[in-house]
Amino acid sequence: MKKSTRFGSVAMVAAILISAAILTFPAMVAAQSKAVEGAKFEVSHSLNDNLKPFVGKNVYVALRSGKTYLGSLKAVGEHFIHLEKIAEKNFFDALIRIEDITAIEVQFRDNK
């Protein structure tokens, strides 16, 4: 009986420590996060205008087809974007029609 009581006590202490870590982690990350200079979306502007400040940065581009690309935004034109250094595809670039883009994701905070 003593063995199961000891195990129960250790398990309870472990559960409490894990719960405390889970509850305090978001606060620690928020305290350590730093805004990336000039990063913001303007909902009243076009997608083109929202993409232009992120030229040279890594962006996720979600398409109407359901496919998502991660790459470095090389250029933003009137109808297309040029995404280079596509993740998981060595030596590939993509030319993506802007009207096919359903969402973009860009890193706004740096965790330093």
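Leaving aside its neighbours within four places in sequence, which residues is Glu 84 in contact with?

Reply: Setting aside residues within four places in sequence, Glu 84 is in contact with Gly 71, Ser 72, Lys 74, Phe 92 and Asp 93. Contact here means heavy atoms within 4.5 Å. This is a predicted model, in which local features need pLDDT of at least 70 and side-chain atom pairs count only at pLDDT 80 or more, while totals for chains, interfaces and linings use all residues. Residues are numbered from 1 along each chain as its sequence is written, and side-chain values use heavy atoms, with hydrogens and water left out.

Glu 84 belongs to strand 4. Helices (H or I, at least four residues) and strands (E, at least two) are DSSP runs, numbered from the N terminus. Glu 84 has 18% relative accessibility, so this residue counts as buried. The cut-offs are under 20% relative accessible area for buried and over 50% for exposed, with partly exposed in between (1.4 Å probe, protein chains only).

Take one of its contacts, Ser 72. Ser 72 sits in strand 3. Ser 72 is buried too, at a relative accessible area of 9%. Apart from residues up to four places away in sequence, Ser 72 touches Gly 56, Lys 57, Asn 58, His 82, Leu 83, Glu 84 and Lys 85.

Five strands make an open sheet, in the order 5-4-3-2-6, with antiparallel pairing. Strands 5 and 6 stand at the edges with a single partner strand each, so one side of each has no neighbour in the sheet. From one strand to the next, the twist averages 45 degrees. Such angles run from 0 to 180 degrees between N-to-C directions, with axes fitted as lines to C-alpha atoms, for helices over the stretch in contact. Two strands count as paired if DSSP finds at least two bridges between them. Strands of a sheet pair through backbone hydrogen bonds, either parallel or antiparallel.

Strand 4 has strand 5 as an antiparallel partner, over four bridges. Phe 80 stands opposite Arg 97 in strand 5. His 82 stands opposite Leu 95 in that strand.

A nonpolar core is a set of buried Ala, Val, Leu, Ile, Met, Phe, Trp, Tyr and Cys residues joined through side-chain atoms within 4.5 Å. The largest one has 18 residues, and those with the most contacts inside it are Val 59, Val 61, Leu 73, Ile 81, Leu 83, Ile 96 and Ile 101. Strand 2 (58-63), strand 3 (68-76), strand 4 (80-84), strand 5 (94-97) and strand 6 (101-106) each give two or more residues to this core. Look at Ile 81. Not counting residues up to four places away in sequence, Ile 81 touches residues including Leu 51, Val 61, Leu 73, Ala 94, Ile 96 and Ile 101.

Further along the sheet, Ala 62 is found in strand 2. With residues up to four places away not counted, Ala 62 touches Lys 67, Thr 68, Asp 100, Ile 101, Thr 102 and Ala 103. Ala 62 and Asp 100 are 38 residues apart in sequence, yet 8.6 Å apart in space, C-alpha to C-alpha.

Two charges sit over rings. That label needs NZ of Lys or CZ of Arg within 6 Å of the ring centre and within 35 degrees of the ring normal. The charged end of Lys 67 lies over the ring of Tyr 69, 5.1 Å from its centre. The charged end of Lys 89 lies over the ring of Phe 92, 5.6 Å from its centre. Phe 92 is also one of the contacts of Glu 84.

Last, the whole chain. The secondary structure comes to two helices and seven strands. From the N terminus on, the elements run α-β-α-β-β-β-β-β-β. Of the 112 residues, 22% count as buried. Among contacts with a separation of 6 or more, 41% come from residues 24 or more positions apart.
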